[in-house]
Structures are given as C-alpha cells and as structure tokens.
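Subject: Structure for your review

Dear colleague,

Please find the structure below, followed by an account of what was found in it. I would be grateful if you would read the two side by side.

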Amino acid sequence: MPKCMIDGREAEFKPGQNLIEVARSAGIEIPYFCYHPGLTVVAQCRMCTVEIDKMAKLQTACSTPATEGMVVKTQSERAKKNQASVMEFLLINHPLDCPICDKSGECDLQDNSYKFGDLYQRYTEERRTYVDLDMGPVIKKNMNRCIHCTRCIRFGDEIAGIHEMVAVQRGNDTEITTVDGRPLETDYAGNYSDVCPTGSLTLKDFRFKKRAWFLKKTATVCEGCAKGCNMEVQQDANVVYRCLPRENLEINKWWLCDEGRFNYHYVNDSRRINIPVHQSGGLAPTNWSAALSSARAAVKGKKVTVLIGSDLTQEEAQLAKSQVPTLFPGAEMFHYGTPGVISAADDAPADKILKRKSKTSNLHGLERLGFKGFTAMPAGTQAVVVLRGGRATVPDLKGVTAVGVGVFSKPQVESFAAVLPGLSFVEKDGTIVNFEGREQKLKKAISAPGQSKPLSDIFKLWASAEAAR
Amino acid sequence: MSETLYVQHLNEEARPLAYYLSKMDGYTALKKAFTMAPDDITAEVKKSNLRGRGGAGFPTGMKWGFIPKQSPKVKYLVCNADESEPGTFKDRDLMRYTPHLLIEGMVIGGFAIGSSIGYIYIRGEYTREAKLLQIAIDEAYEKGYLGKNILGSGFTFDLTVHRGAGAYICGEETGLLNSLEGKRGEPRVKPPFPAQSGAFGGPTIVNNVETLTNVPFIINKGGEWFAKLGKVEKSGGTRLISISGHVKKPGVYEIAAGAMTVRQLIYDVAGGILNDRKLKAVIPGGSSAPVLTADEIDVIYDIEPLAKVGTMMGSAALMVVSEDYCVVRLIERITKFYAHESCGQCTPCREGCKWMEDVLHRIEHGHGREEDLALLLDIADNINGKTLCALGDAAAGPVTSFVKKFKADFEAHIRGKRCPSA
Amino acid sequence: MAKILSPKFYDAMKKLEPRYPTKVALLLPALHQAQEETSWLPSEVLEEIGEYIGIHPAQVREVASFYTMYNLKPVGKYHLKICTNVACCLMGAEALVEHCEKKLDIKLGETTADKRFTLHEEECLGACGTAPAMMLNDDYHESLTPAGLDEIIRRLS
C-alpha cells in the first residue's frame with residue numbers, strides 16, 4: 001500500500017483517500033465541521049487545513065487525496081494559527097447558549113474550540129441574529145447557532161432526496177432554512193440533527209429532557225423494519241431518552257428513518273402493560289399467579305392457535321417452537337407482524353433509502369426457523385395466544401378469546417382474558433435476522449420495567465402452574 | 001502612439017455587421033482558421049503571449065491546451081462577460097461597439113478546442129449590451145457565421161447569451177459555471193478545474209471578453225506579431241485600460257502591454273489630476289489590487305512589474321484618488337463591497353469580511369480604538385490565502401495595504417475621534 | 001393552481017429550452033422573464049417557475065435570493081439604483097444619494113408612499129469613466145448631477 005508522512009509518522013493509504021481519513025487511520029485527529037464521510041466534500045469550513053510540503057498555501061485535508069511521499073503537518077505553526085482563527089471566526093456570531101443548549105457535551109463546536117481555539121474573545125461588534133420559523137414536528141431550528149457548514153443542505157439533497165433545506169441570501173446574511181415556514185417533508189428528518197455540528201438543529205423529541213453526559217449508551221439494532229439498521233439506545237435510570245444511528249457501512253451507513261428513531265416511545269409509555277392483568281370488571285392489574293390462572297382458564301379445553309410476533313428474537317421464537325406443543329397441544333403456530341406482508345417474499349424496499357415493507361425486524365429470522373405467515377384463523381379456533389415483542393401489528397382476532405404474552409398497550413388488549421407482560425427489544429439480549437439474512441444482536445439497555453418477565457420465565461411459570469394441577 | 005487594435009472602433013458606428021466586414025477585416029480570421037488544424041490555432045495563441053484579460057492573467061494558449069482531446073463529453077466555451085470588478089468598464093465597450101469581434105473570437109476558440117456550444121455569461125446589469133449582443137448574434141446566424149456548417153467548414157457553433165443577475169462572485173469562473181447551470185453562483189472546490197469538468201460536467205474553457213476579441217487579430221496577423229506588440233517579454237498585444245476617479249480624462253485607453261508606467265497613464269494619458277489637486281493614492285488593478293501611494297507610481301503597468309511591488313494589474317482598472325477623498329472612508333466602502341458580494345460559503349470570508357467592514361466603519365465614524373489597526377491586519381492575515389476562492393484575498397489585500405500605507409490617516413481618525421475631512 | 005405567468009413567458013422559455021442541456025439552467029432566464037411581467041417575485045411566482053422547471057420551490061428561492069437583481073419584495077414603478085462604489089464615490093455619489101433621499105423624502109431601501117419610486121444603492125455598474133452613474137429600471141444614467149437627477153424625477157412624477 002502507498003505511504004505518506006503525517007506529523008513525522010508514516011501512514012498507509014488507499015488511492016483516493018482524503019487526508020482526514022488517512023490521518024484518522026494513523027491515529028491523528030484533524031478537526032473539521034463541514035466534512036462528513038457520507039456527504040459530498042465542499043471544503044468550506046476551512047478548519048481541516050494542513051501544511052503540505054511543496055505547496056505554498058495551506059490545503060484543506062478533506063479535499064486533498066493522499067499521494068505517495070506526501071509530507072503533511074497538521075500541527076505546524078501555520079496550521080495551528082489557522083485552526084484558532086477559524087474557531088474565532090465561527091464564534092464571533094455564535095451565542096453563548098451552552099448552558100441551555102441540548103448539544104452541549106456532544107458539540108463539535110465546543111470540542112474543537114476547547115482543543116484548537118483561543119482562550120479569549122476580542123470581537124466587540126454587534127452579533128448577527130435571525131428570526132426562526134418553525135420546521136415541523138421533528139427538528140427545532142435555532143439559526144443563531146448555525147456555523148454554515150451546509151451538512152444539512154447536503155443531507156437533504158443527497159440522501160433524503162428532497163431539496164428542501166436551502167441557503168437563502170448570501171455572504172454574512174446567509175440563512176439556512178426551509179422556505180416560508182414549511183415543515184420538513186422527509187421521513188428522515190431526525191438525521192438533520194445528527195449531522196448538525198452545533199445546536200442549530202436539534203430534535204424536538206429530546207429537547208431539554210436530558211443532558212448528553214448523563215446518558216448511558218448501548219449498541220443495538222433498530223426493530224422498526226426488516227432493514228436492521230444499527231442503532232444506539234441512550235438511557236438514564238432505565239428511561240430511554242433517545243435512539244441514534246450507529247455507523248454501519250453495509251446496512252444503514254450513518255442514517256436512521258424517523259419511524260425507527262422514534263419507535264422507542266412505547267417502551268416507557270404509561271399505557272404499556274408491565275404488571276400482569278386479567279378481566280375483573282374490565283382489564284385490571286393483578287399478580288402473576290392470578291393472571292396465570294385466568295390465562296390457563298381462558299384456553300383450557302379449547303382449540304388454540306398461537307400467533308408469534310415477528311418482532312420477537314430468534315431465541316424467543318425457538319423457545320416457542322419447542323414449548324408450544326407441550327403447553328398448547330395441537331395448536332397451530334403462525335408468525336404475524338405487518339398487515340399485507342405475509343411472508344418474507346412480500347418484504348421489499350418501501351422507499352429508495354432505508355425502509356422496508358416489513359415493519360418488524362425479525363420476519364426473515366422466523367421464516368428461517370420454519371414458521372409460516374398468518375393469513376386466516378384456522379377453522380374452529382376457540383382461543384388464541386398472542387406473543388408480541390412490542391412492535392408487531394396484531395391482526396383482527398374476530399372476537400376469539402385471547403391471551404397476550406409479551407409487550408402490549410392497554411387500548412390494544414381491552415378485551416383480552418389476560419396479559420402476561422414481557423420484554424421489549426431494549427430490555428433483552430437476542431438475535432434478529434434482517435432482510436439480507438444477516439444475523440445481528442439486540443443488546444439489553446435497560447432493566448425490565450414493573451413485573452415484566454422474559455419469555456422463558458413466563459413459559460416456565462405456565463408449565464409449573466400446569467404441573468401443579 | 002503605437003498600433004492600436006480596438007480603440008478607434010469603440011463608437012456607435014462600428015456595431016453593425018456591415019462595418020465589421022468592411023472596416024475591420026470581419027470574419028477573415030475565421031475563414032483562415034478553418035484552413036488550419038485546431039492544434040495549430042492553439043499553438044498560434046500560445047506563441048502570441050496572450051494572457052487572460054479578466055484579472056488572473058493566465059496564458060490563454062496554455063489554458064486552451066488543457067482541454068482533454070480524447071474526452072467523449074460535450075465541451076463548452078464560455079465567455080466571462082460578468083465585468084464587475086470595481087473600476088472596470090472596458091468589456092462593456094467591446095460588447096456594445098464591436099460585438100462581432102467577440103463572436104468571431106468565440107467561433108475560432110470553439111473550433112480550436114473542439115466545442116460547438118458557446119455561452120456569453122453577461123452581468124445582469126448590462127441589459128442594453130445583452131440586447132446589442134443578441135442583435136449581432138442574430139446577424140451572424142443570418143449570414144452563416146454562426147450555426148451549422150459555418151462557411152462550409154463542416155463546423156457547427158451555437159452561441160447563447162446568458163444573463164447574470166447581480167453577483168460579483170459570478171465573475172469567478174467556477175461561480176460563473178454554477179450560475180450558468182441555474183444554481184447559486186458559489187465557487188467550486190478545485191480540482192477538478194473547468195478544463196476537466198466545467199459547465200454541465202463537460203470540459204470547459206472560460207475566457208474574458210477582451211481575451212477572446214484578440215483571437216481574430218492573432219489568427220490574421222500571427223502570434224509572433226501579437227507577441228511583439230507587447231513591450232515586455234511575458235505579455236503580448238495591447239491592453240484596454242479603464243481609467244477613472246480623480247483624473248481629467250477618464251475612459252478606456254488602449255496601450256501596448258508594458259509600454260507605460262502608472263505615472264504616465266495618469267498624467268500623460270488621462271490628463272492629470274482633476275482640478276489639479278495632489279495625488280493621494282492609486283488603486284491599479286480594480287478594487288482587489290493593493291493600493292499604491294503617490295510615491296510608488298513609477299512602476300511599469302504590467303502583470304509582473306506590479307506583482308513585484310506587492311500589488312496587481314488585475315482587470316487593468318486604474319482608479320486615481322486625490323487628496324479630495326478620505327482614504328479611510330474609501331477602504332471602508334471597498335470592504336463593504338466585498339462583504340456584500342461574499343457568497344458566504346467559507347468561514348474566513350463570510351465572517352472576516354463583515355468584521356473588517358464593521359471595524360472600519362467604527363474608525364471612520366470616530367469610534368476607532370488603538371488596537372483596531374493591529375486587529376484589522378490580523379483579520380486580513382487570517383483571511384488571506386485561507387479561503388475557497390480569491391474573493392477573500394481580494395478583500396484582505398486592500399485592507400492590509402491601506403492600513404499599512406496610510407497609517408497616519410487611520411491614527412488621525414482614532415485619536416481625533418472623527419474623520420478629519422467630514 | 002391557476003397560472004400567474006403569461007403565455008409569453010412560456011413561449012420565451014420554450015424557445016430557450018433547446019439551448020441548454022438541462023432544464024435547471026433555465027432558472028436564471030426564467031426569473032428574469034417572470035420579473036419583466038410581474039415587477040417583483042412573490043412566492044406564488046417562484047412556485048410556478050419551480051413547477052415549470054420541475055424543481056422544489058425551495059430550490060427556486062435559494063437561487064433567487066442569491067442575486068441582487070431579483071426583487072423578492074415589491075418595488076416601485078421606477079427603481080433607482082445609485083452606484084456608491086469606488087469611482088462613483090470619488091465623483092460625488094454620496095452627495096447624490098443624500099440629494100435623492102431628500103428629494104423623494106425616503107431613505108435608501110425605501111419606496112415612496114405613492115409606490116412610484118424605490119431607492120437603493122448599487123455596486124459598481126461598469127460605468128466608472130462616466131461616474132457617477134445609476135440604473136433606472138433597465139437603463140443606465142451616467143455623468144449624473146443633482147440637477148440631472150431632479151430632471152429625471154420630474155419627468156417621471
């Protein structure tokens with residue numbers, strides 16, 4: 001592999017790689033704002049400038065491919081002076097919002113100012129301000145904080161495919177906005193907040209809820225559809241506050257759709273059933289023993305059909321496969337999850353970016369285990385046991401007696417005989433299989449709420465209750 | 001005075017095709033060009049030492065040579081008629097008085113580089129000139145000097161006038177190309193250069209109006225002849241110089257390249273200082289050129305000599321300032337221009353130009369501070385050479401030169417807390 | 001949506017289409033052509049242009065707002081743009097602006113109450129040899145004096 005020198009260190013590179021990436025692989029940080037590996041290079045912020053032998057002017061590392069024998073200095077006096085001066089230029093109009101800004105603690109402007117900027121400010125002229133128009137339900141705009149890196153513009157145009165975020169006016173007055181107060185149209189609006197290096201574009205969903213440095217992070221996978229985008233769950237004290245994309249160049253690159261990003265709300269929602277319930281003048285909370293009793297009574301002596309949500313993990317589905325014949329002899333098992341998507345063959349891209357038609361994450365995994373898709377209730381079914389991970393859409397049960405095992409919300413199950421609460425996708429480890437047949441791991445990020453139990457425990461309790469009779 | 005090519009034709013009578021044909025050897029160069037190989041045309045232009053007349057002074061023949069011959073992509077020849085550098089008004093005269101020179105130059109240029117599609121990007125404010133250009137283009141189409149199979153050569157060339165809409169930055173060649181494509185006129189990251197990927201992704205040459213109008217002369221009389229017209233080694237031909245400001249005879253003058261000093265241009269050509277006042281400052285190459293004091297005007301007016309003394313010839317626009325105008329006020333206005341025209345893409349220019357304007361404004365209006373001069377020099381230094389395009393340099397250079405060379409004027413403002421001439 | 005722009009606009013655009021390899025390249029000519037009819041460019045006109053070219057209205061706005069000649073706010077019947085750049089300043093443009101402001105009783109950037117005159121300062125117009133200069137709608141007026149300006153205003157009032 002060809003080599004160049006960066007700060008006296010030899011660095012290998014692939015032909016065409018820009019100096020930021022080459023330096024990164026050599027363990028050297030070159031600061032930047034406008035550069036993003038997923039977007040076109042514009043070399044506008046001028047923060048990544050480095051000194052290169054035989055070139056009179058400082059060069060932007062983002063737009064300079066490494067060449068054999070190139071000698072690069074990232075911390076020469078000239079390079080350092082330029083970094084400090086770019087930081088100064090960016091801060092002269094930037095409001096001192098850190099104490100109230102969501103981005104604090106994970107802000108490129110803060111971090112780079114601390115590392116590469118000056119200690120003092122000498123700007124005494126009047127600061128430029130803007131009037132913010134609303135941008136819709138996902139993104140909160142604060143144009144005064146913007147440093148004009150144009151990542152958001154490029155994201156909208158190049159990735160989301162909608163030329164809705166634009167720069168208007170020019171020069172120092174340039175404003176980056178949607179026009180006429182239009183809300184953002186894209187289903188990928190959350191990514192605008194991810195790419196923004198300051199608190200100019202933030203998530204309304206997260207606004208003022210939690211300081212970034214209190215959040216504990218878990219690497220997992222989104223359950224929003226069969227794409228299997230890599231995701232990071234962020235929580236504090238067992239409450240999920242935010243889900244962000246995790247880089248995976250083979251699946252979702254750096255992006256998440258809004259449906260997947262905001263899917264987590266049901267996990268901590270007050271309407272989620274996390275205490276066992278059964279019918280007692282309406283669906284009422286009770287204890288595990290009483291709920292199990294009611295559940296067993298509901299299916300005793302009846303022809304049972306078992307519906308297995310394709311939002312469950314491979315481990316849970318495998319468990320069902322082995323336990324159901326014992327617990328519910330003669331019961332037929334089907335997987336369900338998305339209306340209109342009966343089998344893996346029905347799954348297809350739902351847009352040109354990430355989304356798939358199957359709105360559960362493990363449809364392909366369940367088919368691999370041999371389960372068939374639910375089309376109609378088998379004739380003569382008198383009771384149905386519905387297993388659900390939290391996302392699957394329960395089909396119309398046509399008034400058949402039902403018992404829920406897993407994650408449900410009150411309004412969904414008012415008529416159920418009993419519900420035995422289980423674990424959502426952020427409360428358990430497990431394997432799911434995406435549309436390409438790729439196995440990925442869910443990882444537990446928070447503890448099970450209330451009295452929710454893992455499926456294995458629920459089956460054990462049911463079995464021992466049977467045995468006790 | 002030595003031979004002039006244009007200036008005798010810069011009047012209303014010269015515009016029609018009939019005049020061009022009978023009095024200016026119109027379209028004879030084109031006929032001759034069609035008997036030459038395209039590469040030989042480029043070689044002739046290289047020999048001529050013709051340098052870009054827009055401001056950068058890049059050798060034209062060399063630029064034409066950068067077009068990749070084997071490229072399957074559509075090639076474009078674009079004329080930069082955006083003329084917006086303050087002090088410059090020579091291309092305007094060429095377009096309204098001798099438009100056919102430009103048309104013929106473009107057809108020959110297109111033939112040389114292998115392009116059949118030409119655009120004239122003309123600044124939006126030149127509404128009348130755009131109309132006159134279109135009339136000339138219509139004449140040329142009618143008589144077969146434009147369109148398909150020109151003069152039976154088999155070569156096709158189509159020419160379209162494309163109006164800008166008020167943005168100095170569209171005079172920067174990649175800003176121009178973005179504007180031509182229907183976008184904001186923001187300059188592009190280079191490389192790739194226009195010769196590789198320019199208009200609509202195709203190999204493109206962008207040339208100034210005056211540059212292209214020289215091409216028919218070069219083809220008719222030869223590159224060597226043209227080179228010899230110039231009085232300095234590196235520059236061939238004559239230059240159209242726009243002289244304005246506090247002179248008795250402002251206007252467009254044609255001088256052999258390197259034939260005169262700045263002093264001669266001011267006092268011999270332009271008649272000396274208006275009202276016989278004392279000379280204070282000279283801006284030699286459009287407002288982007290660092291200023292010269294009255295003691296620095298014995299320099300030869302050409303590209304290399306001016307660069308050697310720390311300024312530039314730029315668009316060959318000489319602006320003369322007598323003691324009758326405050327130089328601090330002047331550099332404030334110049335800096336306001338750059339802040340207004342900055343496209344806003346890159347940090348140093350977007351933030352720094354406005355900052356310099358604000359500081360200069362304070363100084364001019366009596367609220368300057370002792371530390372402001374060092375501050376201005378530092379801001380300018382932080383902009384210079386660090387921006388995506390040359391507009392940053394164009395703003396920083398003049399500020400640095402005014403602050404350094406007229407320090408006493410600035411200090412008088414700061415200490416006296418007012419503009420002494422207000 | 002009902003069309004605001006006339007058939008003349010669409011005819012002019014049709015004639016230009018074959019001269020460019022993309023339709024987006026028609027955007028600047030389209031904005032000029034539309035403004036000739038409507039004098040300024042409200043959102044509805046920008047949207048109609050966007051529809052014609054096949055681009056998002058935000059894209060039309062981002063381009064239109066970059067260039068000073070496209071009026072995104074209403075202007076008076078006579079748009080006076082007095083150059084205050086280097087040569088014109090040297091030749092008295094600032095006094096000319098002050099004179100004009102007094103004469104029309106408006107400040108730079110404003111329009112007279114009867115909507116007849118709008119006054120702006122302008123950057124270098126390329127008429128430095130005949131400074132001071134101004135644009136009145138599409139026309140240049142050069143070697144301008146206060147008396148000359150008074151005469152122009154008188155004729156147009």
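In what order do the four strands of the open sheet in chain B stand, and is the pairing parallel or antiparallel? The order is β3-β2-β1-β4, and the pairing is parallel. Here helices (H or I, at least four residues) and strands (E, at least two) are DSSP runs numbered from the N terminus, and two strands pair if DSSP finds at least two bridges between them. Because β3 (158-163) and β4 (204-208) of chain B are at the edges with a single partner strand each, one side of each has no neighbour in the sheet. From one strand to the next, the twist averages 20°.

A note on conventions: this is a predicted model, in which local features need pLDDT of at least 70 and side-chain atom pairs count only at pLDDT 80 or more, while totals for chains, interfaces and linings use all residues. Residues are numbered from 1 along each chain as its sequence is written, and chains are lettered from A and ligands numbered from 1 in the order in which they are written.

To continue with the sheet, strand β1 (residues 76-81) of chain B pairs with β4(B) in the parallel sense over five bridges. B:N80 has B:N208 in β4(B) as its bridge partner. Helix α7 (residues 127-142) of chain B lies across β2 (117-122) and β3 of that chain, and runs at about 170° to β3(B). Axes are lines fitted to C-alpha atoms, for helices over the stretch in contact, and angles run from 0 to 180 degrees between N-to-C directions.

Chain B is divided into domain 1 (7-229), domain 2 (238-322) and domain 3 (327-416), with bounds that come from an automatic or database domain assignment. The centres of domain 1 and domain 2 of chain B, taken over C-alpha atoms, are separated by 27 Å. Their contact takes 15 residues from domain 1 of chain B and 18 residues from domain 2 of chain B; two residues are in contact if their C-beta atoms, placed from the backbone, lie within 7 Å.

Chain A contains 11 helices and 22 strands, and its C-alpha trace spans about 85 × 50 × 35 Å along its principal axes. Of the 469 residues in chain A, 48% are buried (20 or more other C-beta atoms within 10 Å of the residue's own). The domains of chain A are domain 1 (3-91), domain 2 (125-213) and domain 3 (269-468). In chain A, 10 residues of domain 1 are in contact with 10 residues of domain 2. The domain 1 side of that contact has six nonpolar, four polar and no charged residues. In this scheme Ala, Val, Leu, Ile, Met, Phe, Trp, Tyr, Cys and Pro count as nonpolar, Asp, Glu, Lys and Arg as charged, and the others, Gly among them, as polar.

Between chains, 10 residues of chain C are in contact with 11 residues of chain A. Helix α4 (residues 57-64) of chain C gives the most to the chain C side, with five residues.

Within chain C, the axes of helix α6 (residues 93-104) and helix α7 (residues 146-156) come within 10 Å and cross at roughly 35°. C:L96, C:H99, C:C100 and C:K103 in α6(C) meet C:P146, C:L149, C:D150 and C:I153 in α7(C). By class, this contact comprises five nonpolar, one polar and two charged residues.

Yours sincerely

Notes: A residue is buried if 20 or more other C-beta atoms lie within 10 Å of its own, exposed if 12 or fewer, and partly exposed in between; C-beta atoms are placed from the backbone.
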